[in-house]
Amino acid sequence: MRPASARLLWLLAGMTLVRGALAASIPLFHDEAYYWLWARRLDWGYLDHPPMIAYLVRLGTLGGNGPLWIRAPALVIGAVEAYALFLLGRDLFDEPTGFRAALLAQIVPILGAIGIFAAPDTPMYLAWTVTLRLAWQAVHGRPRRWLGAGLAVGGGLLSKLYMGFLGIGLAAYLMRSGNSWFRRREPYLAALVALVVVLPVIYWNAAHGWATVRFLLFERSEPGAEPGRDPILVRLLGQHAALVGVLFPAFLWAGWTAWRRRGDERFAFLLLTSLPAAVFPVLVAPLGAARGHLLGPAYIGLAVVLAALWNRAVTGLAVGQIGLLAALVAQILIPALPPPPGSREYYGWREAGDRVRQEVVQAGGRAVIVAHRYQVAAQLAYHTGGRIPVLLLPRPPVGAIWPDPRAFAGSTAVAVTYAPERFQFEHCFRRVEERTPIKVTLRGRPIQEFRIFRLSGLSQACQPRTGSRQEQEIVVSRSIFSGTYVYRWWVACAADRTAPGPRQPARS
């Protein structure tokens, strides 16, 4: 075995063990609990994303329903993704470049987190890397690889529709290389293969009134984001910098250098295929959609660029990044240390689930669980084992997995909200009784508080007040962001926040 390959195997084995320890120790994030619900109701598509993550979670839960089992496919994919990045760097440059690219995939949070958490980004990143390698080989003497590239693009689209931006980048690269490839059949066959692979998602949307399209265009918004309210691009940059860590300036330098060296086909290929994924979040940020994690796929190609340009300064930054990650891992895994930053994002839901079960029993055993945020609904469903019906108020969007509350008219319910917020339950129930709250501690320190409500007489005409701030909060609460919990965790690790739960809309 060659030295670079041997070092790579040791690197992947060691980092997979570390990620496995984290996956077993960190409770599920909101979206992971949500995807666990998807895995219990397998379908050709879902309101928020294509179905790949649901099938991966279902595969993991064959071993059990604990966090480690749910995240087991992500652990495997994370290692395979790093190896695929090694092969990409080796094909374009050499083995040392490939090894350094794989190292970056382990230590840069925006790349490494996909190997821990169950998210649509995880299989998409792997499909993205495989597509880059196959497309490069197809253009350089192996045209049959176009079919493999089309299959990989289709697999990526089954994971997350953001994969389409790689197709735009590849088209830009082919245009730069001349029009000869547009006169050949292979790229068109690749596009046809990708379309065939993603047909189940298209079919599901057509059967559900194009629910995903309506959701993405009209119902999806970021909690707390209002156009013109703050310097949104600055906010995007701040989110994103926390996801990249101390290597952020090195990646900026790598992108700039790739542009200056675009006469070299290797740099042009990596830059042009990365640009669409990097530009889109910047374009939509002024609309109130600052989502730093969306730039993540651009770092796959930029990781190879940075690995090829590696120097002593980059080595110093990488060592600093490894030190920061080691400190964070120690804080998560060692109980004697204070709670890790951002603990309120994922701790406390087991206690909430236990309390809800008790309240349901006291209410007569036929009560349902209600919530006005998908995050709360998903966590309570997971921590009660999916054995108690969970409703999203006032009504879920068309195509969502939540049952229609009108089918449970007249029911008794138990509700949980983050303190101090309070949904206007009076608009949906005849009687509202607030119970003793849940105060959650971790390692002897308070981290979270939930409000508990006992509700009677669910109205069939449950609706929020038209035009009220409450209605705006409900619309915001229905937005689902793949990977948002990963971004929140890393941002919280950079600067712990004081507000409990998800970001709240500004209050007048």
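Biologist: Is Asp 404 buried, exposed or partly exposed?

Modeller: Asp 404 has a relative accessible area of 32%, so it's partly exposed. Buried means under 20% relative accessible area, exposed over 50%, and partly exposed in between, using a 1.4 Å probe and protein chains only. Keep in mind that this is a predicted model: local features need pLDDT of at least 70, side-chain atom pairs count only at pLDDT 80 or more, and totals for chains, interfaces and linings use all residues. Residues are numbered from 1 along each chain as its sequence is written, and side-chain values use heavy atoms, with hydrogens and water left out.

Biologist: What does the side chain of Asp 404 meet in a salt bridge?

Modeller: That's Arg 406, at 2.8 Å from N to O. A salt bridge here is a side-chain nitrogen of Lys or Arg within 4 Å of a carboxyl oxygen of Asp or Glu. Arg 406 is partly exposed because its relative accessibility is 38%.

Biologist: Which residues do salt bridges with shared partners join into one network?

Modeller: Arg 355, Glu 359, Arg 431, Glu 433, Arg 435 and Arg 454.

Biologist: And how many salt bridges does the structure hold?

Modeller: There are 16. One of them pairs Asp 91 with Arg 133, with the closest N and O atoms 2.7 Å apart.

Biologist: Where do Asp 91 and Arg 133 lie?

Modeller: Asp 91 is in helix α4 (residues 67-92) and Arg 133 in helix α7 (residues 121-139), so the pair ties together parts 42 residues apart in sequence. Helices (H or I, at least four residues) and strands (E, at least two) are DSSP runs, numbered from the N terminus.

Biologist: Are Cys 428 and Cys 462 buried or exposed?

Modeller: Both Cys 428 and Cys 462 are buried.

Biologist: Last one: why does Arg 387 count as exposed?

Modeller: Because its relative accessibility is 66%. Arg 387 sits in the loop between α19 (374-383) and β2 (390-392).
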